Amino acid sequence: MLVLSRKVGERIWIGDDISVTVVRITGGGVRIGIEAPSEMPVVREELKAKLEQAEAESKVNEGENDTPPTIKFRAN
């Protein structure tokens with residue numbers, strides 16, 4: 001894992017297409033902005049875990065329902 005120090009407004013590039021910008025730093029956390037191509041999924045860890053769990057449950061119930069699992073995202 002690469003660990004870097006950045007100040008508010010500073011940016012990190014991942015390849016040529018993805019940038020991560022420090023937007024705000026507060027006592028309890030850091031707000032970051034991510035710019036990536038639309039075909040590159042950007043998902044918080046806890047939502048990724050929920051999606052993986054839903055996919056696993058779908059495989060257990062395979063054949064009962066052909067609808068893929070979905071997670072509703074709420075904009076903050």
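## Overall layout

Read along the sequence, the protein chain follows the pattern β-β-β-α. Its secondary structure comes to one helix and three strands, where helices (H or I, at least four residues) and strands (E, at least two) are DSSP runs numbered from the N terminus. The model is predicted: local features need pLDDT of at least 70, side-chain atom pairs count only at pLDDT 80 or more, and totals for chains, interfaces and linings use all residues. Residues are numbered from 1 along each chain as its sequence is written, and side-chain values use heavy atoms, with hydrogens and water left out.

## The sheet

The three strands form an open sheet in the order β1-β2-β3, with antiparallel pairing; two strands pair if DSSP finds at least two bridges between them. The edge strands are β1 (11–14) and β3, each of which pairs on one side only. On average, neighbouring strands of this sheet are turned by 25 degrees against each other, direction ignored. For such angles, axes are lines fitted to C-alpha atoms, for helices over the stretch in contact, and values run from 0 to 180 degrees between N-to-C directions.

Strands β2 (residues 18–26) and β3 (residues 29–35) run antiparallel and are joined by seven bridges. They form a hairpin with two residues between them. Valine 22 has isoleucine 32 in β3 as its bridge partner.

## Burial and surface

Of the 76 residues in the protein chain, 8% are buried, meaning under 20% relative accessible area (1.4 Å probe, protein chains only). The accessible surface of the protein chain comes to about 7,000 Å², and 53% of this belongs to carbon and sulfur atoms; such areas come from the Shrake-Rupley method with a 1.4 Å probe.

Notes:
Buried < 20%, exposed > 50% of the residue type's maximum accessible area, 1.4 Å probe, protein only.
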